[in-house]
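Here is a quick tour of some contacts and surface features. Have a look at the model first, then read on.

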Amino acid sequence: MMSSRDTNVIPRYKCHPEPVEGSDHTKLIESMKKIIQYTLTILAFSMLMSSCSLYKKYERADMHFVDSLYRRMDTAPEDTISTASVSWDKMFTDPILQEWIRLGLEHNTDMNVAELKVQEYQAYLLAARRALLPGVNFSMSGGGFPGQFNAQIGASWDADIFGSLRNSKRKAEAALMQTEAYRHGVQTNLVATIANSYYMMLMLDEQLKISRRTLTTWEENIRAMEALKRGGKTNEAAVLQAKANKLSVEASVLTLEKEILSLENSFCALLGTVPMSIKRGTIDAQELPERLCAGVPAELLSRRPDVRQAEMTLAQCFYDTNIARAAFYPNLSLSGALGWTTGNGGSIVVNPGSIITNLIGSLAQPIFNRGALKAKKLAAESKYKQALHEFRQSLLDAGVEVNNAISLWETAKRRTEIDKKQIVNLQAAVWNTQLLMKHGNASYLEVLTAQKNLLQAELAEISDRYDEFQSVVNLYHALGGGY
């Protein structure tokens, strides 16, 4: 029988009695559980909603001023093809020039480097794409007994819940597009430089031809004037003036020959070949388009290499901003491993204890990083704004180049027409002064002046024709031609 003393003893395992259902203590615990669940749900939902912007692709900002880039809008028919749409071998029809351009595209150093850069960024993009896939590795090590070894196959995968890897891949795509635009820019600039240099050589050839022909004329004039001096029909001053003019032309011939040789050497370096004599045609055999069409200003966005490079820089900054924002969110990584080991005799142990499998999930959430994440985000946003201004400026610069090229083309055409009329008049003036001198109504100094003016006009006409060729090349280049 239990004594009254024993009934007053409280069992030790009953020191914390279970709460009775419906008590205040139970209700408090249940309420706390619900609050925690609701809080976690709201936190997860708000994180998901705030991270939606991290998945957005780059979209071009509004460039409302693009349609006003050209000072003169084209009045060409709607079916007129833009100059930028014409391939370089259709724009520059000289077969010799075409061969030089092909040689330059094949051997030019900058062109080859640009091609290799594209291959480099293709590899970067491939690496960024494969970062989204699971990684697999294999490891093996020897045991403490002969024939014993341990082997393991592991796999890991970054779930990329908030798009950090996805934005890195899109950034790599933008970088590749930027590099391709750079390659196109190198090609367009190379074609334009080769064409300009070729036309400059034709101009110098023609000016050298005119100068040599004029030099022959001056030599004949000197002989004629010395004869007239002996006959008493002119004086020593006229003879000396004629000799001075001849020496001036001789100096011009030497200068032109030096410039041609120097240009040929530079041309060879541009082509990526050793110095050699450059085969070329004549300036009179060149054909230019009767009309140039700049097209729609908005085409500069897709054709101009430097504009596309600036936009792809902007796109990369956009994705850098997304990556910096994604750093504030958790990063979920999953990893697993499967391994086996051999027994002492070298046979594989097949009991369950020898098979090791594991699956580990890692969820990392940055909490406090001394403000580094916020600073990186602010820096990325600042770089994006800078790139936006530079993209806008690249469009303005492109418009300036197109306007200048059109203006140069129009001016050069008009100047060439004026030069031709001037040359006709000066040729007539030389013939008339020579005729008047024979009849004693004009001095030989008037003849020398007329011939000197004719030489200057012929050289100027060749220079203006070169400006016309150059304006076509410049407009082709300014429009991002050949793309």
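## Salt bridges between helices

Glutamate 458 is buried, with a relative accessible area of 12% (buried means under 20%, exposed over 50%, partly exposed in between, using a 1.4 Å probe and protein chains only). Keep in mind that this is a predicted model, where local features need pLDDT of at least 70, side-chain atom pairs count only at pLDDT 80 or more, and totals for chains, interfaces and linings use all residues. Residues are numbered from 1 along each chain as its sequence is written, and side-chain values use heavy atoms, leaving out hydrogens and water.

What does glutamate 458 form a salt bridge with? The partner is arginine 213, with the closest N and O atoms 3.4 Å apart (a salt bridge is a side-chain nitrogen of Lys or Arg within 4 Å of a carboxyl oxygen of Asp or Glu). Arginine 213 sits in helix α6 and glutamate 458 in helix α11, so the pair ties together parts that are 245 residues apart in sequence (helices are DSSP runs of H or I with at least four residues, strands are runs of E with at least two, and both are numbered from the N terminus). Arginine 213 itself is partly exposed, at 42% relative accessible area.

Lysine 171 is partly exposed at 27% relative accessibility, and aspartate 320 is partly exposed at 22%.

Then there's arginine 325, whose side chain meets that of glutamate 381 in a salt bridge (3.5 Å, N to O). Here helix α9 holds arginine 325 and helix α10 (residues 372-438) holds glutamate 381, 56 residues apart.

## How α6 and α11 pack

The axes of helix α6 (residues 164-230) and helix α11 (residues 444-478) come within 9 Å and cross at roughly 175° (axes are lines fitted to C-alpha atoms, for helices over the stretch in contact, with angles from 0 to 180 degrees between N-to-C directions). That makes α6 roughly antiparallel to α11 (over 145 degrees counts as roughly antiparallel).

## A buried valine

Valine 307 lies in helix α9 (residues 305-326) and counts as buried, at 0% relative accessibility. Its C-alpha atom is separated by 9.3 Å from that of aspartate 397, 90 residues apart along the chain.

Key
Angles under 35 degrees count as roughly parallel, over 145 as roughly antiparallel, 65 to 115 as roughly perpendicular and the rest as oblique.
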